Amino acid sequence: MNVLLTFDIEVWCNSWTTLDKDFASSFERYVFGRSKEGDFALPKTLEVLDRHGLHGVFFVEPLFAARFGLEPLATIVDLIKQGGHEIQLHLHPEWTDEATTPLLPNVATKRQHLSYYTRDEQEALIRHGLRLLREVGAEPPSAFRSGSFACNEDTFSAIAANRLRFDSSINRTLPVSTPGRAQPVSAGLCEPFTVNELDVYPMTIFRDGFGRLRHAQIGACGTGELIEAIECSKSDGWTSFIALSHNFELLVPDKVKPDTIVVRRFEALCRFLANQKDSLPTAGFNDLTERPAPRGLPLPRASRLSTFVRFAEQALRRLN
């Protein structure tokens, strides 16, 4: 079974009304995460992966460069390229109306989700994202993930029109992630499937110790839950496991200091995967050669004990 460690790489400012004032400091926090203990944003993620010999998939959001220029985007892409990791396309269309040169005609207000745009608008925004990545030297992406996992049936058509092969925009736990008629009923919004020659790999969803659905995000799940879900997926016959993190996830929210619990989670997960490289290789989308076909597999599960441990960790995190 392939494990895809995916990272959504984004830059945000404190307010849309103070972008120019906030951008430099926001970029430092979200991309570098500089603190007294070291750089705990993107550089720390890359360092941990490199130390354990693991491969990461980095979904890079480029539309912010339509407001602030190519140099900051090039900094992100160069950091990832130095580690030899895969760069794919991520879009947060909240940046559309902030572009200095309009990306779409007649867009003067903010629309948060890609699914709030028409099919032609979605196609155009994806095309702009690909162009921006190309202009800073990224290899042509083959995969796409929509910001906030927001997608609809038009999204798949727009992705295919841009000749991308893979999508990872579905997250069954989120109401905005509803692709519509393009979704085969048998896939259940969890198993990979193919639609119009596009291979769709949803976020991995598992049942925690109380049976609740949870997506496999490092900052939101305990190490035990993630490892148990991975092992359960493998034994049940899943061919891939899609995990999620962000460039800023190793930091305490709204602060520039490491979140020691999440850092330990990430280190422990990478250590586990490093010890299981033969049976659980970390892969990229470009490594996936077989076309997916849903088989009605059960969702992976985690134990009640590992969920209790996560509850305890979350309580401790509130003290940061």
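The model is predicted, so local features need pLDDT of at least 70 and side-chain atom pairs count only at pLDDT 80 or more, while totals for chains, interfaces and linings use all residues. Residues are numbered from 1 along each chain as its sequence is written, and side-chain values use heavy atoms, with hydrogens and water left out.

To start with the cysteines, a search of the whole structure turns up zero disulfides (a disulfide being a pair of cysteine sulfur atoms within 2.5 Å). Cys232 is in none, and its nearest cysteine sulfur, in Cys190, sits 13 Å away. For Cys270, the closest cysteine sulfur is that of Cys221, and at 15 Å it is too far for a bond. Cys270 counts as buried at 0% relative accessibility, and Cys232 is buried too, at 10%; buried means under 20% relative accessible area, exposed over 50% and partly exposed in between, with a 1.4 Å probe and protein chains only.

Cys232 belongs to the buried residues of helix α7, along with Thr223, Glu225, Leu226, Ile227, Ala229, Ile230 and Ser233. Helices are DSSP runs of H or I with at least four residues, strands are runs of E with at least two, and both are numbered from the N terminus. Helix α7 covers residues 223-236, and its 14 residues reach 20 Å from first C-alpha to last, close to the 20 Å expected at 1.5 Å a residue (1.5 Å times one less than the number of residues). Among the elements covering its buried residues are β1 (2-9), β12 (240-246) and α8 (260-274), where contact means heavy atoms within 4.5 Å. Just after α7, Gly237 takes a positive phi of about 100 degrees.

The largest pocket has a volume of about 320 Å³. It has 18 lining residues, with Tyr201, Thr239, Glu290, Arg291 and Pro292 the closest to its centre. The second largest pocket holds about 170 Å³, and its lining includes Arg29, Tyr30, His246 and Arg317. The largest cavity, of about 40 Å³, is lined by Cys190, Pro192, Pro202, Met203, Thr204, Trp238, Ser240 and Ile242. Volumes here are the space filled by probe spheres set on grid points, joined across faces, edges and corners.

Definitions and conventions. 1 Å grid on protein atoms, 1.4 Å probe; cavity = no way out; pocket = protein on both sides within 12 Å on 5 of 7 lines; lining within 4 Å.
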